[in-house]
Amino acid sequence: MSDIPLLDRYREAGYTITAEANALRVVAEHPISDRIRQVFKAKKPELLRELAAEYREKAIFAARDAADLGDWRAPLDLGRLHLCGNCARFAFGPDAGGLGTCALHGDGLLPFLPFDCPDFTVERQADRTRVHQSAPAAH
Ligand code: SF4
């Protein structure tokens with residue numbers, strides 16, 4: 001099995017794939033044969049999972065950008081301050097920019113509020129989306 005996500009493989013083959021609710025939308029510049037339709041039907045659950053993860057990652061990046069961390073760039077880059085959103089102990093809530101949960105300190109933490117937490121860790125967890133530690137460049 002290839003490690004390349006299905007979405008990437010189909011996009012490279014010229015398909016545009018999106019999700020609307022629980023439906024998969026596939027568009028191509030060329031006609032889509034019945035056989036290929038069957039392939040997409042069989043792969044629908046996996047493609048919907050990949051799309052959900054992709055949308056989630058985009059929402060997290062958008063929330064980070066909206067947090068306007070430019071003024072905090074130096075202490076974040078130097079590791080003097082941290083973001084819960086970059087910590088392996090943090091789980092994002094349904095709203096990527098809203099309150100999330102720390103495995104050590106519990107609920108109610110903002111993902112993109114810089115502060116000095118002695119328990120911050122980047123130790124990888126398999127099921128979370130990581131965000132770069134650095135604040136985005138000031139515009
Ligand atoms: S350990 Fe600290 S930085 Fe990490 S999620 Fe908990 S409160 Fe946030």
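## Strand pairing

In this predicted model, strand E4 (residues 100-102) pairs with strand E5 (residues 106-109) in the antiparallel sense, over 3 bridges. A hairpin of 3 residues links E4 to E5. Across this pair, Gly-100 lies opposite Leu-109 of E5.

E4 and E5 belong to an open sheet of 3 strands in the order E3-E4-E5, with antiparallel pairing. Its edge strands are E3 (90-91) and E5, each of which pairs on one side only. E3 and E4 run antiparallel and are joined by 2 bridges; here Phe-90 stands opposite Cys-102 in E4.

## Nonpolar core

The largest nonpolar core has 6 residues: Leu-83, Cys-84, Cys-87, Phe-90, Leu-109 and Phe-112. In soluble globular proteins, nonpolar side chains tend to be buried together.

Leaving aside residues up to four places away in sequence, Phe-112 touches Ala-63, Arg-64, Ala-67, Leu-69, Leu-83, Gly-85 and Gly-97. Of these, Leu-83 is also a member of the core.

## Confidence

The protein chain has an average pLDDT of 88, and 87% of the residues score at least 70. Over residues 126-139 pLDDT stays under 50. For that segment the model has 24 contacts beyond four places in sequence.

Conventions:
Residues numbered from 1 in each chain as written. Predicted model: local features only at pLDDT ≥ 70, side-chain atom pairs only at ≥ 80, totals over all residues. Pairing = 2+ DSSP bridges. Helix = DSSP H or I, 4+ residues; strand = E, 2+ residues; numbered from the N terminus. pLDDT = per-residue confidence, 0-100. Contact = placed C-beta atoms within 7 Å. Core = buried A, V, L, I, M, F, W, Y, C linked by C-beta atoms within 7 Å. Buried ≥ 20, exposed ≤ 12 C-beta atoms within 10 Å, placed from the backbone.
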